[in-house]
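Reader: Could you walk me through this one slowly? I am still learning how to read such things.

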Amino acid sequence: MSLRAPVSVVVAAYNAEETLDSCLEALASQHDWRVGDDFEVIVVDDGSTDKTAELAEKHPVRLIRLNENQGRVVARETGVAAATHERVLIVDARVIVDHGLLKAQDAIEGRCLMAGDFGERELMTSSTFASRMERVFLLLRNTYYAGGYPQHVDVLEIDAKNFSRSPKGLGCARIEKSLFLKLQPEEKGKHVNDDSKLLWALVQEHSIPLKRCLALKVRYLQRTSGHSLRSWLVGRGVLFADFVFPRNVMVQALFLASWLAILAFPFLMILQPRILLVFLGAIVAGLLALGVWISKRPFDVPLLLVSLPEIGLTFWWGLSKGVWLRFCRRWRAENAPSHPQG
């Protein structure tokens, strides 16, 4: 028998007119759960310049509007702080929840639950896909998480030991309101990797395992082309620089090597063109080897060869931007004038 513990759903949205309607319609269409009686939906419009707020007002939600774009960390914190219930479900504006998700999460115990089924198993075995980028990102995640994506166990418990190699995030996650607010990072900027920092504090400082559950099913609407994709990739690079970069010596070494190679390029072009040709040939060979390694089917190889340069360069630029922003923040903090009390 379900406890039917009431839930506050928080959707932080910034220029989300492309997907917000679908997101909110799925939330309002939950089996055996009624908006207003069993759960509430809070949409935080993070200073959007499109029709995000107008679309939200068409749905049975409580709308909170921020005067300017302050970033996901502030938007989510604002929504959770306004939540009526202790159980809070955070949902990304690009996530379409299954119609039975609220009923499913109600039956699972845990202080922090995450959706574990994004439909990846079907996509991985399917011969058709919505776009080439959807397939490419699926293959990249499968490789990055060393075969642990898609998830194969009903419940994946993530702790400090398997944290770095386990898929995780607050795209669709249930957490206690008091716990979420307690774990908020000190920095509140747009470039703060709030997901990773909050979840890391949860498992490292409080020894609370994360449960990634296959019973919690959603669909993520992947960005696939144009400015939206490039902007997202740059943003992912910035967030990577905020959390993973300072903790991983190998990533730091590769990043430094990439900049040294770029700086050496004009000198090699003038002084040692043969070495430059060998260098460029090595890059092409490496790209081909990477495509073969990541692919699961023969048609994946040309798909990856076309897509990886764009993805890699855009993400690298975001990482470079994030490293620079991190350096600037640290410099300002270390050189800020002290104001003695009294």
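Reader: How many bridges join strand 7 to strand 9, and do they run parallel or antiparallel?

Author: Strand 7 (residues 155-158) and strand 9 run antiparallel and are joined by 4 bridges, and Ile-158 stands opposite Leu-210 in strand 9. Strands here are DSSP runs of E with at least two residues, helices are runs of H or I with at least four residues, and both are numbered from the N terminus; two strands pair if DSSP finds at least two bridges between them. Please keep in mind that this is a predicted model, in which local features need pLDDT of at least 70 and side-chain atom pairs count only at pLDDT 80 or more, while totals for chains, interfaces and linings use all residues. Residues are numbered from 1 along each chain as its sequence is written, and side-chain values use heavy atoms, with hydrogens and water left out.

Reader: ok, and which way does strand 6 run next to strand 9?

Author: Strand 6 (residues 112-117) runs parallel to strand 9, with 4 bridges joining them, and Leu-113 stands opposite Lys-211 there. Strand 5 also pairs with strand 9 (residues 210-220), in the antiparallel sense and over 3 bridges, and in that pairing Ile-96 stands opposite Arg-219.

Reader: Where is Arg-94 found?

Author: Arg-94 is found in the loop between strand 4 (87-91) and strand 5 (95-97).

Reader: What does the side chain of Arg-94 reach?

Author: The side chain of Arg-94 reaches the backbone oxygen of Leu-221 at 2.8 Å. Leaving aside neighbours within four places in sequence, Arg-94 is in contact (heavy atoms within 4.5 Å) with several residues, among them Glu-18, Thr-19, Arg-219 and Tyr-220.

Reader: Switching to helix 3, which of its residues are buried?

Author: The buried residues of helix 3 (residues 72-81) are Val-73, Val-74, Ala-75, Arg-76, Gly-79 and Val-80. They pack against several elements, including strand 1 (7-13), strand 3 (62-66) and helix 8 (194-204).

Reader: Which peptide bond is cis?

Author: The peptide bond from Tyr-149 to Pro-150 is cis, with omega near 5°, and Pro-150 lies in the loop between helix 6 (132-144) and strand 7.

Reader: What about phi at Asn-15?

Author: Asn-15 has a positive phi of about 45° although it is not a glycine, and Asn-15 is found in the loop between strand 1 and helix 1 (20-28).

Notes
Polar contact = N/O pair within 3.5 Å; in protein donor to acceptor, adjacent residues only side chain to side chain. Buried < 20%, exposed > 50% of the residue type's maximum accessible area, 1.4 Å probe, protein only.
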